[in-house]
Amino acid sequence: MYREKLAENLELFDTYLRHAEFKSAGTIGLELELNLIDEDNQPSLRNKDVLGDLDDEYQSEIGGFNLELNHPVLQVAGRGLKTLEAGVADRLAKAQRAAADKGLRVASIGTLPTLTTQFLKEDPWMTEENRYEALSNSVIDARGEFVKIELDGRETYRQEFADIAPESSCTSMQLHLQVAPNKFAEAWNASQAIAAAQVAVSANSPLFVGHKLWHESRIPVFTQSIDTRTPELVTQGVRPRVWFGERWITSVFDLFEENVRYFPPLLPEIKDFVEFSDADAPKLFELNLHNGTVWRWNRPIYDAGDNGAHIRVENRLLPAGPTPVDMVADAAFYYGLAEFLVGENRPVWSRMSFAEAEENFFACAKDGIRARVTWPKIGHIAVSDLVIDVLIPQARRGLRRLNIDKDVIEEYMSIIEGRASGRANGATWQLRMLDHLAPGSRPDSPERREGLKAMMDAYLENQASGRPVHTWDVPA
């Protein structure tokens with residue numbers, strides 16, 4: 001029955017795409033996942049207490065120590081990015097005040113380094129809501145065995161979990177790019193092509209449960225946490241639910257069709273009727289619910305509100321933090337590059353294989369700003385050089401095309417340039433600071449735990465300063 005509803009939704013979506021008028025593009029949005037910590041920088045399971053003092057721009061996430069901040073959509077032109085930065089800073093400050101009233105603090109970071117394996121294995125790590133328990137149970141039931149986290153970086157980590165607890169460690173910033181349906185394929189293809197560079201310059205998750213692993217460990221941890229496949233299904237080539245994808249597309253319909261064709265339902269909830277918005281746009285409840293259980297790093301979103309429907313790319317691959325100005329610089333880099341690449345006569349994805357884009361993505365997740373990638377007409381190149389010599393100039397041109405004020409462009413692009421030229425971002429700062437505070441320490445040792453606590457104190461102090469991360473000092 002549910003599969004029939006999905007097929008019905010898919011056909012209705014295809015029909016609607018052919019004739020509908022969608023809401024105009026040019027708007028951007030942002031979601032930011034956060035961590036609640038106590039005075040010892042340990043995760044605090046009191047998100048419901050803090051949320052009780054906040055408005056509906058904040059909501060729970062799967063971990064009892066997680067919050068999510070939702071910034072309203074706005075126009076990107078002119079000084080829109082500065083408005084976004086101020087809005088993120090104001091909302092973070094509001095969350096900090098609500099947490100402080102409970103004796104807690106808020107950390108904006110890709111993976112909270114002071115999390116421990118023991119914490120993630122003990123109840124109750126999860127927010128007490130049925131939807132989160134249903135998701136965890138569905139993943140474990142589909143998999144038929146424990147979740148395995150296996151990572152090799154500067155150190156090695158191997159562990160099994162009885163549920164999807166490691167997913168709660170993965171706190172991200174998600175950018176929204178609203179586009180016209182006839183431009184969606186180009187925008188998604190561009191987003192996939194530049195995903196590696198985005199990860200490289202923004203990496204901020206080098207420590208999973210105190211282990212030095214990938215520069216953006218959040219990406220493989222999230223992938224493995226929500227993997228419904230047994231090792232046998234992996235060997236057979238069954239696609240993972242956290243997915244980079246496998247091909248360039250020609251229409252937004254391609255992605256929704258793949259999601260229905262390749263992925264069995266996880267949360268098969270049905271409405272007995274097809275609901276429409278006041279603007280006669282089908283709401284496609286089942287299709288959107290199913291789409292939400294396939295975690296593409298660039299996810300397609302169809303949203304039918306009462307003022308009309310729109311389509312957007314949800315860019316999900318960036319970590320949270322470190323500061324509002326850093327996060328909006330990451331947003332500027334993404335929006336500018338996407339705009340430029342969509343306007344190219346011979347787009348980069350026509351000159352790069354999809355496999356190369358995927359290899360670049362995981363190379364940058366592992367090695368961050370120090371990775372090497374493959375790029376058309378250039379070949380193998382350090383990603384920092386690619387960013388400085390090719391991508392920043394292109395992003396500047398894209399931002400000018402979006403009618404963003406010149407001084408705004410220069411402010412944010414100078415931050416990206418500073419990171420690339422100094423090979424410095426949140427991940428490199430965390431690793432250097434931990435090496436300074438706890439040199440030669442082993443994972444789970446008292447020295448490592450003390451070093452992680454002191455590193456987080458320094459991180460939060462720098463975060464409160466608002467200075468971009470590439471200017472943060474590490475004592476000699």
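**Helix packing, pockets and local geometry**

Author: The crossing of helix 3 and helix 11 is right-handed. The model is a predicted one.

Reader: At what angle do helix 3 and helix 11 pack?

Author: Two packed helices are described by an angle and a distance between their axes. Here helix 3 covers residues 80-100 and helix 11 covers residues 324-342. Their axes are 9 Å apart, and the packing angle is about 145°.

Reader: By class, which residues make up the contact of helix 3 with helix 11?

Author: On the side of helix 3, the contact is made by L81, L84, E85, V88, A89 and L92. They meet P324, V325, M327, V328, A332 and Y335 in helix 11. By class, this contact has no polar residues, 1 charged and 11 nonpolar.

Reader: Which element gives the most to the lining of the largest pocket?

Author: The largest pocket has a volume of about 1000 Å³ and a lining of 35 residues, with E61, R131, G292, W295 and R299 nearest its centre. The elements that give two or more residues to this lining include strand 1 (27-37), strand 3 (66-75), helix 5 (130-143) and helix 10 (285-291). The one that gives the most, with 4 residues, is helix 5.

Reader: How do the residues of that lining in the largest pocket divide by class?

Author: Among the residues nearest the centre of the largest pocket are E61, R131 and R299, and Glu and Arg count as charged. Over the whole lining of the largest pocket, the division is 14 nonpolar, 10 polar and 11 charged.

Reader: Which element gives the most to the lining of the second largest pocket?

Author: The volume of the second largest pocket is about 300 Å³. It is lined by 15 residues, and L177, Q178, V179, E339 and L402 are the closest to its centre. Strand 1, strand 7, helix 6 (181-202) and helix 11 each supply at least two residues. By class the lining has 10 nonpolar, 3 polar and 2 charged residues, and the element that gives the most, with 4 residues, is helix 11.

Reader: How many residues apart in sequence are the parts that the pair of Y157 and F208 ties together?

Author: The whole structure holds 20 aromatic pairs. Y157 and F208 form one that is edge-to-face, at 5.4 Å centre to centre and with 90° between the planes. Y157 lies in strand 6 (residues 156-161) and F208 in strand 8 (residues 207-208), so the pair ties together parts whose separation in sequence is 51 residues.

Reader: What is omega for the peptide bond from G321 to P322?

Author: P322 is placed in the loop between strand 13 and helix 11. The bond from G321 to P322 is cis, and its omega is near -5°.

Reader: What is phi of N403?

Author: N403 sits in the loop between helix 13 (383-401) and helix 14 (406-422). The residue is other than glycine, yet its phi is positive, near 65°.

Conventions: Residues are numbered from 1 along each chain as its sequence is written. This is a predicted model: local features need pLDDT of at least 70, side-chain atom pairs count only at pLDDT 80 or more; totals for chains, interfaces and linings use all residues. Side-chain values use heavy atoms; hydrogens and water are left out. Axes are lines fitted to C-alpha atoms, for helices over the stretch in contact, and angles run from 0 to 180 degrees between N-to-C directions. A crossing is left-handed if the near helix is turned anticlockwise from the far one by less than a right angle, and right-handed if clockwise. Contact means heavy atoms within 4.5 Å. On a 1 Å grid over the protein atoms alone, a cavity is a set of points where a 1.4 Å probe fits but cannot get out, and a pocket is an open set with protein on both sides within 12 Å along at least five of seven lines; lining residues have an atom within 4 Å of a point. Grid points are joined across faces, edges and corners, and a volume is the space filled by probe spheres set on the points. Rings of Phe, Tyr and Trp (its six-membered ring) pair if their centres lie within 6.5 Å; planes under 30 degrees apart count as stacked, over 60 as edge-to-face and the rest as tilted.
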